[in-house]
Amino acid sequence: GIIGEIPCGRGYKEISGVISYPRIDSVTAVLTNLSREKAKRLIESQAVSINHIACEKLSDIIYENDII
């Protein structure tokens, strides 16, 4: 049998920042401290998710309490 818990590798951290509009590309840029162009590449490669669902559009809107 398995003893103990298997570590997940994912964690959650509340982060605050200033964004001009709550689009996933702007929010990703703030969260990762990257340019919007680099954030765009992350989103297009499906490395970014909203509420555990991979983003499909750069224009996806983020709402309060969403998990990125």
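A residue is called buried when its relative accessible area is under 20%, exposed when it is over 50%, and partly exposed in between (1.4 Å probe, protein chains only). By this scheme, leucine 31 counts as partly exposed because its relative accessibility is 34%. The model is predicted, so local features are given only at pLDDT of at least 70 and side-chain atom pairs only at pLDDT 80 or more, while totals for chains, interfaces and linings use all residues. Residues are numbered from 1 along each chain as its sequence is written, and side-chain values use heavy atoms, with hydrogens and water left out.

The chain contains 2 helices and 2 strands, where helices (H or I, at least four residues) and strands (E, at least two) are DSSP runs numbered from the N terminus. Along the sequence these elements follow the pattern α-α-β-β. Of the 68 residues, 19% count as buried. Contact means heavy atoms within 4.5 Å. Among contacts with a separation of 6 or more, 33% join residues 24 or more positions apart.

Helix α1 comprises residues 24-32 and includes leucine 31. Its buried residues are Ile24, Asp25, Ser26, Val27, Thr28 and Ala29, and their cover includes α2 (36-44) and β1 (49-50). After α1 comes asparagine 33, with a positive phi near 60 degrees. Most residues other than glycine have a negative phi. Two further asparagines have positive values: asparagine 51, at about 55 degrees, and asparagine 65, near 75 degrees. Asparagine 51 is in the loop between β1 and β2 and is partly exposed, at 34% relative accessible area. Asparagine 65 belongs to the segment after β2 and is exposed, at 70%.

The largest nonpolar core has 7 residues, namely Ile24, Val27, Ile43, Val48, Ile50, Cys55 and Ile62. Such a core is a set of buried Ala, Val, Leu, Ile, Met, Phe, Trp, Tyr and Cys residues joined through side-chain atoms within 4.5 Å. Leaving aside neighbours within four places in sequence, cysteine 55 is in contact with Ile24, Ile43, Gln46, Val48, Ser49, Ile50 and Asp60. Aspartate 60 lies in the segment after β2 (53-54). With residues up to four places away not counted, aspartate 60 touches Pro22, Arg23, Ile24, Ile50 and Cys55. This aspartate is buried without a salt bridge, and lysine 57, the nearest side chain of opposite charge, is 4.1 Å away. A salt bridge requires a side-chain nitrogen of Lys or Arg within 4 Å of a carboxyl oxygen of Asp or Glu.

Ile15, Leu31 and Ile68 make a nonpolar surface patch of about 230 Å². Nonpolar patches are made of Val, Leu, Ile, Met, Phe, Trp and Tyr residues with over 30% relative accessible area and no salt bridge, their side chains joined within 5 Å. Isoleucine 68 is partly exposed, at 37%, and lies in the segment after β2. Its contacts, not counting residues up to four places away, include Ile24, Leu31 and Ile62. Isoleucine 68 and isoleucine 24 are 44 residues apart in sequence and 8.7 Å apart in space, C-alpha to C-alpha.

Note on methods
Lys, Arg positive; Asp, Glu negative; His and termini not counted. Patch = residues over 30% accessible without salt bridge, like charges linked within 9 Å, V, L, I, M, F, W, Y side chains within 5 Å. Areas by Shrake-Rupley, 256 points an atom, 1.4 Å probe, with all protein chains shown as cover.
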